[in-house]
Amino acid sequence: MAAEGIDEFDIRDYLRTELMPHFMCPGCGHGIALRALLWAVHEERIAKDRLAIVTGIGCSGRVGGYIDANTFHVTHGRPLTFATGLALARPDLEVVVITGDGDCLAIGGNHLIHACRRNLRMTCLMLNNEIYGMTGGQVSPTTSEARLTTTTPYGNAEPTFDACGLATAAGAGLVGRGMTLQTVALKNLIREALAYRGFSFVEILSDCTEIFGRKNDLGSSPEMILRQKGSMRPDFYGNTVEHPFRPNNLTTGIIARNERPEYGDTYRSEVLAPHGHGGAAAGVSAPVE
Amino acid sequence: MNALDKESASPHGNRDAARPTNVLIVGVGGQGVLMVSKVLAALCQSEGFEVKQSEVHGMAKRGGSVFSHVRFGEQVWSPTIPRGEADIVVALEWAEGVRWLDHLRRDGGTFIADTQRIVPPISFRNRTRNAASAYAPETPAEVVALVGNGFALDATSMATGLGDRRVANTVLLGALSTVLPFAAEHWLAVIEQFVPAKTKDLNRRAFLAGRDWAVSAERVPAAVATDAVAQKVTARAIETAPAHLLTINEAWCKGCDICVKMCPERCLSLNARMVAELARPDACTACHLCEWLCPDYAIRIESTPAVKGAS
């Protein structure tokens, strides 16, 4: 399955194997999402020394710890802020943020919209499993209506966030959605996001089998992952920018492109250079591209 | 070769003068079966015969089975040829020819076939690499020996040699022309009506090549060539035999059951310790689905060096 002219992908080359097996529950989709990320990194030929992973808190935050690269495990909801500083200071790095639905949309929702607004070059992967899994299964901004969680014992009555619609509206350069069932398509989507010069936001539909699935009687791990094709996912995942909350079937792939100046370039040329700071202000050599 | 009387209304040596001559043309979609039958029907019509042609092509997209019945004579009633009544079977593809062999007259029918094999995926017994194929096992020599008058030629290779493999059907028309009582010029005139202007010269050469092959005595080389091809296929199969290696890291597997349920060939299972194991290694096609969907990276499929070298 090697791509053109590259060695076959072996995920063990990119893992801290001494920490394996990882802590995630049986059937957890985050493992598949991590494979897709590392596979895309492999095919984009990004050296591990140039890869900087920033993760927040939650199951998604723990994912970063297993990657054999530069990884930062930061405070709840703030991976995008840490990544913003990192990407500005070290434009030679490939900054990837791995965050969860609660981390990104609730606790870090403010940071998400400002990261989208700036359009600084980085890749944000939001692993959406519709729940706060690690802390015991509380309702999250993407929990579908009527679903049971520990904080909504009679069913969730809140409307959900459409993360892709939010990111698009806030001005993210590239917005896409993938699901763990279609690993190869997800890998290709992440490749596009990694290659994009600007802020790219990828929502990854992932399964929480032990907390969310068990509580809502969604069946076994294979049943849950198969449902990604159809009925399990709510209709709220509207696809288009014009009607971000339109009831619709789930759409995957690239959902929006918003070509705007990349913030890092603008900052260096419009702010630093006129004040004589040039490349030295960033403290590093010119970006390696 | 039948010496035919041009004045006869039933040119193919029929016992019954009133009986029409039946030509069955078979092949797979995209080869030009209908072009062959149109040429034949138009030619017979221009020669003053009544012609009926019927064909099935709607269900046969590219690669599917296509056949066309052409009947001509003084008077033709039914448009279809009953089983065992075809005077000539023209096969543009080898297995299709063998498939329709039962329509050929047992007493002296003529069988004209391209020995080129178009092997459909469905002919393989299972989906593993180098699986046994159920594709027509009869060699051309065996089939030619079976029929009264057999022509097995590698028309596709001849057409490729002439510049375009798509004129293989015209090569077969050339061979067919030697067993029907019509002049070569008439054949060529009709063919030119049906082919694109740019390919008229090519089709002419293809027709003559097929005709020359049929009148010449040597009819065996095609069989030899096919055997050589078969040998080559076998040799390649041995070369790439162990195609892949599926390994399961038991320490990493958490028994989530995804690989077991998602495997299209159902070759994995959970053992008593709730760890995935490869229960049917022979059925594994190395599709990588289990590897991609394993959240714990416990499954790994590696191509063996033989395959790496081949690709």
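Predicted model: local features only at pLDDT ≥ 70, side-chain atom pairs only at ≥ 80, totals over all residues.

Me: How many bridges join strand β5 of chain B to β6(B)?
Reply: Residues are numbered from 1 along each chain as its sequence is written, while chains are lettered from A and ligands numbered from 1 in the order in which they are written. Strand β5 (residues 110-114) of chain B runs parallel to β6(B), strands being DSSP runs of E with at least two residues and helices runs of H or I with at least four, numbered from the N terminus. The bridges that join β5(B) to β6(B) number five.

Me: Which residue of β6(B) stands opposite B:Asp114?
Reply: Along this pair of strands, B:Ile112 stands opposite B:Phe151. For B:Asp114, the residue opposite in β6(B) is B:Leu153.

Me: Which strands stand at the edges of the open sheet of chain B?
Reply: The sheet has six strands in the order β2-β3-β1-β4-β5-β6 (chain B), with mixed pairing; two strands pair if DSSP finds at least two bridges between them. Neighbouring strands are turned by 10° against each other on average, direction ignored, with axes fitted as lines to C-alpha atoms, for helices over the stretch in contact, and angles from 0 to 180 degrees between N-to-C directions. Each edge strand has a single partner, so one side of each is left without a neighbour in the sheet. The edges are β2 (50-56) and β6 (149-153) of chain B.

Me: At about what angle to β5(B) does helix α5 of chain B run?
Reply: Helix α5 (residues 168-177) of chain B lies across β4 (88-91), β5 and β6 of chain B. Its angle to β5(B) is about 155°.

Me: How many of the residues of α5(B) are buried?
Reply: A residue is buried if 20 or more other C-beta atoms, placed from the backbone, lie within 10 Å of its own, exposed if 12 or fewer, and partly exposed in between. β6(B) is mostly covered, with four of its five residues buried. The number buried in α5(B) is ten of ten.

Me: Which strands are the edges of the open sheet in chain A?
Reply: Seven strands form this sheet in the order β2-β1-β3-β4-β8-β7-β9 (chain A), and the pairing is mixed. Neighbouring strands are turned by 20° against each other on average, direction ignored. Four bridges join the parallel strands β1 (residues 51-55) of chain A and β2(A), where A:Ala52 has A:Asn70 as its bridge partner. Pairing on one side only, the edge strands are β2 (70-73) and β9 (253-257) of chain A.

Me: Which residues have the most contacts inside the largest nonpolar core?
Reply: A nonpolar core is a set of buried Ala, Val, Leu, Ile, Met, Phe, Trp, Tyr and Cys residues joined through C-beta atoms within 7 Å. The largest has 80 residues, and α1(A) gives the most to it, with nine. A second, separate core of 61 residues includes B:Phe49 and B:Ile191. In the largest core, the residues with the most contacts are A:Val95, A:Val97 and A:Leu125.

Me: Which helix supplies the largest share of the side of chain A that touches chain B?
Reply: Two residues are in contact if their C-beta atoms, placed from the backbone, lie within 7 Å, and 20 residues of chain A are in contact with 16 of chain B. The side of chain A comprises eleven nonpolar (Ala, Val, Leu, Ile, Met, Phe, Trp, Tyr, Cys and Pro), two charged (Asp, Glu, Lys and Arg) and seven polar residues (the others, Gly among them). α1 (29-43), α7 (183-195) and α9 (221-227) of chain A each supply at least two. The largest share, four residues, comes from α1(A).
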